[in-house]
Protein chains: 2
Amino acid sequence: MPAEGYLLREEDLLPLSIGAALLGTGGGGNPYIGMLRARELMRKGAQVRVIPLEALAEDSWVAEVGGIGAPVVGVEKIEEGGECYRAMRAVEETAGVKVSAVISAEIGGANSIEPIIAAAMAGLPVVDGDGMGRAFPEVQMTTYMIYGAPVSPAAIADEKGNVVVFKDVIDMFWLERFARDTAVAMGAGAGFATAPMRGDFVRRTAIPGTVSQALEIGRTVLDARAKRQNVVERVIESAGAKLFFTGKIVDIRRELKGGFARGHAIIAGTGDWTGAEARIAIQNENLVLWIDERPVIMVPDLIMNLEIDTGEPITTEMLRYGQRVAVIGLPVHDLMKTPRALEIVGPKAFGFPELTFEPLVTREIAR
Amino acid sequence: MPAEGYLLREEDLLPLSIGAALLGTGGGGNPYIGMLRARELMRKGAQVRVIPLEALAEDSWVAEVGGIGAPVVGVEKIEEGGECYRAMRAVEETAGVKVSAVISAEIGGANSIEPIIAAAMAGLPVVDGDGMGRAFPEVQMTTYMIYGAPVSPAAIADEKGNVVVFKDVIDMFWLERFARDTAVAMGAGAGFATAPMRGDFVRRTAIPGTVSQALEIGRTVLDARAKRQNVVERVIESAGAKLFFTGKIVDIRRELKGGFARGHAIIAGTGDWTGAEARIAIQNENLVLWIDERPVIMVPDLIMNLEIDTGEPITTEMLRYGQRVAVIGLPVHDLMKTPRALEIVGPKAFGFPELTFEPLVTREIAR
């Protein structure tokens, strides 16, 4: 990518949303409505430049935005379009700064598109990177928060005109609690902006290149479909992922627990995995993959279920008995695998005290 | 009262809290902890002047503060003491104004004392008046809100250092929702400040003289106790109230419903009311009094249960089988009885569609 980045074109939005759906690892919400909103803005003349992390001036300010809702898939969608923009403006005003770029909280799912809408409305560039390299359910699960971004002032805005500012917040867990409760009170869709971050901080802590990565994955999917190639194979190749399992879903359990969609899917092996059984634990996103009771991928590494014939990523709420799936894995970025990060996004943080994180890559090398 | 008001003395706090407990009409929380906090500040040299509404300059700004919590009695208490002060400062900062006086949201219960603490910390006077003339459970139930006070920016602060600002809020019902949910997230105690109001607006809409009224009632109670007089009779005389019923509680039902303590008490008549039965409907506060199934007092007029021997006001959560009570009634201020006010605080607003408000005074004259 050139140092000045590249202009996002209208025709980039579809592949971007496809790639983001995949990087959502089963969660992150559907980017479709956001894509339509962004397209509308572009057709009206809005220009959004994607700039690399290195293009951020050290003393500039960067806004992190994303949709937030009751953590139930589908509720993460934004109703009116300007929510993140208004939350961003409220944060700027409260902090007394002007931001010069917008960055995503999470590249996975709907929140890949929200920063683009806010950037288009504000006439700002969007940064090629995000705070997760995937999707996660909670506010504190970004590299920014993990590595000490200011917790306040943050803000949340709804489609009706309400704006709530979290002016002084003592830590990121309180921010998650306040933001989540306010989002639930607001109903369906709310836009969230965290405290402006300095350019040098974002350069050190953001996961780089993930907008381009999502775009690239999405383009590969579209190309493979056009050429009637095996989409799963092409995605694996393009994303640098690995096929871990193929099979048929034979059991799926889901419950709403503590505000999250928790559950698991059991997959009976087919093809090379005939006779084996896989199990995936779910909390909005796919958390852990066991094959024959041995854990083989775990958060924060990425676990993705693709519909085996079409290569379509299957979000956790769309998993159904009888579906034939390919389970692929992708190592998360190193910034998400430090001891500090694992305290927030490792298997223990997600309620698996018996699991100690083993990165996908290390295991690959060890074999 | 002189135009410049009067200095509140340490020895005023006890009668003030006694009068406020009575005006709480069964709710409003216990003012005791707040009283100790205010006493401590006074002993350290804080001076709080009580000023009449007329002393407010038209173009001055007035802060309305009060404790807010899950609307369950006991949760309205403030843990650390500076919550309302910090909420007030956040509102001033967001609105870009400096307030020159503090006024109470409700004179009933714990919130009679909160403005005094905030005023003592800020070195400001407290206004002799409030927004209810009693206690009510929700944010929109003040004369300020009813008569069009600005809804935002408002703010809430907890004892840990968290401050949340409701920067843009579309109406008072949304403010109630956001504030209530945030207060619940904050846990036990939170201080709430609404948008600064102009002096001329407060002069028109506040219920006047209620700090002095509470003080006067409390002094009467203390005096009657010291002289071993009949406290109930002295309170009735001092407050301009009327005795409506005496009896023994024979049934008491309570349930937590929609976040509120709802229920009713049945009282079997004694003395002049032998053979009659009274029923009181409760939602945190006493809402409606029926005698032999005929409604005789209803919100927003005040219904107060006094322990018959000691004259002690009985809060709704302290009602017990076998208690001997005197039920007294007091007309609410006219500002709470306009059609506009009754939409918010009349019997229909509290879930009694079959009742049309009949004011206590009118009924007295009609008899």
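Predicted model: local features only at pLDDT ≥ 70, side-chain atom pairs only at ≥ 80, totals over all residues.
Me: What makes the relation of chain B to chain A that of a two-fold axis?
Reply: A rotation of 180° with 0.0 Å of shift along its axis superposes chain B on chain A, with an RMSD of 0.0 Å. That is the relation of a two-fold axis. In chain B, the C-alpha nearest this axis belongs to B:Val165, 2.4 Å from the axis.

Me: How do you know that the copies meet through the same surface?
Reply: Of the interface residues of chain B, 100% are also interface residues in chain A, so the copies meet through the same surface. A contact requires C-beta atoms within 7 Å. On that basis, 18 residues of chain B are in contact with 18 residues of chain A. Both β7 (163–168) and α6 (172–186) of chain B supply at least two residues each to the side that touches chain A. By class, that side has 10 nonpolar, three polar and five charged residues.

Me: Why are β7 of chain A and β7(B) called paired strands?
Reply: Two strands pair if at least two bridges are found between them. Five bridges join β7 (residues 163–168) of chain A to β7(B), so the two strands pair. They run antiparallel. Within this pairing, A:Phe166 stands opposite B:Val164.

Me: What makes the phi of A:Glu293 worth noting?
Reply: Most residues other than glycine have a negative phi. A:Glu293 has a positive phi of about 70° although it is not a glycine. B:Glu293 likewise has a positive phi of about 70°.

Me: Which peptide bonds of chain A are described as cis, and where do their prolines lie?
Reply: Most peptide bonds are trans. The bond from A:Ser152 to A:Pro153, however, is cis, with omega near 0°. A:Pro153 has its place in the loop between α5 (143–146) and β6 (154–158). A cis bond also joins A:Val299 and A:Pro300, with omega about 5°. A:Pro300 lies in the loop between β15 (294–298) and β16 (302–307).

Notes
Residues numbered from 1 in each chain as written. Chains lettered and ligands numbered in written order. Least-squares fit on C-alpha atoms with pLDDT ≥ 70 in both. Contact = placed C-beta atoms within 7 Å. Helix = DSSP H or I, 4+ residues; strand = E, 2+ residues; numbered from the N terminus. Nonpolar A, V, L, I, M, F, W, Y, C, P; charged D, E, K, R; others polar.
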